[in-house]
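Please look through the structure below with its sequence at hand.

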Amino acid sequence: MLREIPATRQRHDEPARRWFTDERMDLTVWQDRAGEVIAFQLAYDRLDGERALEWHRGTGFRHHRVDDGETETGRHKQTPLLIPDGAIPRDRLLAEFRRRAAGLDESLREVVIEALAGLPPQA
């Protein structure tokens, strides 16, 4: 179940940021001064081949594979990178988000669900 991290770091040059997490997903949401969602990033499959789906109002979606920066044993971890990725498993992702987001504010949950539902089905 996604739960909010109340002490999420804010940047002065970005809209307000909220972060929700559980063992399988992370949801980061950016909201304007009126509280409207203007962007979100949904990281999923965190335990086995993490992916990140970004949505921005006006420009739509980008989908990435997360390169976690792990290299060889005994070497320092590098900075994780987002690498462009292919098809989005819409139906699976939508079902999993619905299960994990049951405790979120209804309006926030519905923005993400509506955006995900608008994706084309995976080919």
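In this predicted model, L104 lies in the loop that runs between α1 and α2. Is L104 buried or exposed? With a relative accessibility of 7%, L104 counts as buried, because the limit for buried is under 20% relative accessible area. Once its neighbours within four places in sequence are set aside, the residues in contact with L104 are L2, F20, L27, F97 and R109.

What is the order of its strands? The sheet is open and has seven strands in the order β1-β2-β3-β4-β5-β6-β7, with antiparallel pairing. Its edge strands are β1 (3–4) and β7 (81–84), each of which pairs on one side only. Strands of a sheet pair through backbone hydrogen bonds, in either a parallel or an antiparallel sense.

On one side, β4 pairs with β3 in the antiparallel sense over six bridges, and W30 stands opposite A39 of β4. β3 and β4 form a hairpin with five residues between them, and G35 in the turn has a positive phi of about 90°. β4 also pairs with β5, again antiparallel and over six bridges, with Y44 opposite R51 of β5. The hairpin of β4 and β5 has six residues between the strands. D45 is found in the loop between these two strands, and D45 has a positive phi of about 55° although it is not a glycine. At 10% relative accessibility, D45 counts as buried.

How many of the eight residues of β4 are buried? Seven of them are, so β4 is largely enclosed by the rest of the structure. The ring centres of F40 and W55 are 5.4 Å apart and their planes are at 25°, so the pair is stacked. The pair links distant parts of the chain, with F40 in strand β4 and W55 in strand β5, 15 residues apart. Both partners are buried: F40 has a relative accessibility of 1%, and W55 has a relative accessible area of 16%.

Further along the sheet, H63 has its place in strand β6 (residues 60–67). H63 is buried, with a relative accessible area of 9%. Which side chain does H63 join through a polar contact? The partner is Y44, and the contact is 2.6 Å. Apart from neighbours within four places in sequence, H63 is in contact with Y44, R51, A52, L53, I83, P84, D85, G86, A87 and I88. Strand β6 is joined to β7 by four bridges, and these strands run antiparallel. V66 has L82 in β7 as its bridge partner.

The helices can now be placed against the sheet. α1 lies across β3, β4 and β5 and runs at about 100° to β4. α2 also packs on the sheet, where it touches β2 (16–21), β3, β4, β5 and β6; the direction of α2 makes about 75° with that of β4. In α1, the buried residues are R90, L93, L94, E96, F97 and R100. They pack against β3, β4, β5 and α2.

What do these helices and strands enclose between them in terms of nonpolar residues? The largest nonpolar core has 23 residues, and those with the most contacts inside it are L27, F40, L42, L93, F97 and L116. Two or more residues of this core come from each of β3 (26–31), β4 (37–44), β5 (51–56), α1 (90–100) and α2 (106–117). α2 gives the most, with five residues. One of the core residues with the most contacts is L116. Setting aside neighbours within four places in sequence, L116 is in contact with L42, L53, F61, R90, L93, L94 and F97.

Conventions
Residues numbered from 1 in each chain as written. Predicted model: local features only at pLDDT ≥ 70, side-chain atom pairs only at ≥ 80, totals over all residues. Heavy atoms only, no water. Core = buried A, V, L, I, M, F, W, Y, C linked by side-chain atoms within 4.5 Å. Buried < 20%, exposed > 50% of the residue type's maximum accessible area, 1.4 Å probe, protein only. Contact = heavy atoms within 4.5 Å. Polar contact = N/O pair within 3.5 Å; in protein donor to acceptor, adjacent residues only side chain to side chain. Pairing = 2+ DSSP bridges. Axes fitted to C-alpha atoms, helices over the stretch in contact; angles between N-to-C directions. Phe/Tyr/Trp six-rings, centres within 6.5 Å; stacked < 30°, edge-to-face > 60°.
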